[in-house]
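I opened the model to look up a pocket, a pair of helices and a sheet. My notes follow in that order.

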Amino acid sequence: MATIIPQQLLRAELENMLAYQVAHTEGLIKLDAMENPYPLPASLRDKWLSTLRKVTLNRYPDPQAKRLKQNFRNTFSISSKLELILGNGSDELIQLLILAIAKPNACILTVTPSFSMYKLIAKFIGVHIIQVPLEVNSFTLRPDHICKAIHENDPALIFLACPNNPTGTLWPREQIEQIVRHATGLVVIDEAYAPFAAYSMMYMAEKYSHVLILRTMSKMGLAGLRLGWLLGSAQWLSEINKLRLPYNVNALTQASVDFALSHISVFNDQVKLICKQREQLIAAMRDIDSIKVFSSESNFILFKTLRISADIIFKRLISHKIMIKNVADKGLLGNCLRVTVGTESENQAFLTALNKSLE
């Protein structure tokens, strides 16, 4: 029998693709993935474990997660006019959205730099993506350029991360609404970092029927549970929901997130602390004259090295047991690095290592 090799059966473009890479961080202070640095408080841990003991693992989870959805509605004051879809992280929901519009000649539009998964998933599925550059040096939005791209390309789907990753920029509401009013397809406002921002765009989902809001529980302190949620009008979500695999949110995640939402004040307090430490970290970094630090409305900070290449600084930080994210490229992110806001001691360790690395 002849040996069958992958190239005989798989899509040809797979050969030139790379799997998403996650850095090895064992033994390092981990400031690379925008995680909440604070674990579930000990005062809640036993209550949470008691909740998990009641979960019947021999049965499938509720495929619609009805109880959890109602808790989301109560916690975030979601209008009864809007529907929810829950996903295995927001990545799954991004994939569902792109799959839903993946017909011949369809395209999606976003800005660059922005969240890498929009482009990666589009490439995996085989959908053309158009990326409109942000303003050089400031990473501000250029709505006129985006509206021009909409007119020229008629995208079925637009992704706007607010605040944006990896820049931390929160764009003005009026600029987002300008794009929404010009859009000829769906507009997805990705609010993964909304808990850390001065304001939300969630009201637009009710104001405009073609606007969907994407959020995640990962940044608030539940990254290990992989729970994202999509909010919008029923006419859109009922169609997108047809692509969702049954039982996509497991029983342990449903029970854990339901528990977390019932104690949301604990996570809100952690968010306030992270925002306070973010401002302190930005101020300390701006005292270093060999880097440029960008303002942030998220739980991370983007900065640019001015004298030594970002690649060298990144490697030196690892030698000091600090792992951040190297986002440097040949475009707008030249010599840029991104650091997650950690605990006070982690932030201080980062600052010490950064100063040594810049010497």
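The model I used is predicted.

**Pocket**

I looked up the second largest pocket and read a volume of about 360 Å³. I then listed its lining, which comes to 17 residues. Nearest the centre I found V55, R67, A251, Q254 and A255. By class, I noted 8 nonpolar, 3 polar and 6 charged residues in the lining.

Which elements give two or more residues to this lining? I found α3 (66-76) and α11 (251-262). The top contributor is α11, with 5 residues.

**Helix pair**

I stayed with α11 and checked its crossing with α2 (residues 42-53). The two axes come within 10 Å and cross at roughly 140°. I recorded the crossing of α2 and α11 as right-handed.

**Sheet**

Next I traced an open sheet of 4 strands, in the order β9-β10-β13-β12. Its pairing is antiparallel. Which strands sit at the edges? I found β9 (291-293) and β12 (325-326), each of which pairs on one side only.

I followed β9 to its partner β10 (residues 300-305) and counted 3 bridges, in the antiparallel sense. For V293, I noted F303 in β10 as the bridge partner.

Definitions and conventions
Residues numbered from 1 in each chain as written. Predicted model: local features only at pLDDT ≥ 70, side-chain atom pairs only at ≥ 80, totals over all residues. Heavy atoms only, no water. 1 Å grid on protein atoms, 1.4 Å probe; cavity = no way out; pocket = protein on both sides within 12 Å on 5 of 7 lines; lining within 4 Å. Points joined across faces, edges and corners; volume = space filled by probe spheres on them. Nonpolar A, V, L, I, M, F, W, Y, C, P; charged D, E, K, R; others polar. Pairing = 2+ DSSP bridges. Axes fitted to C-alpha atoms, helices over the stretch in contact; angles between N-to-C directions. Left-handed = near helix turned anticlockwise from the far one by under 90°.
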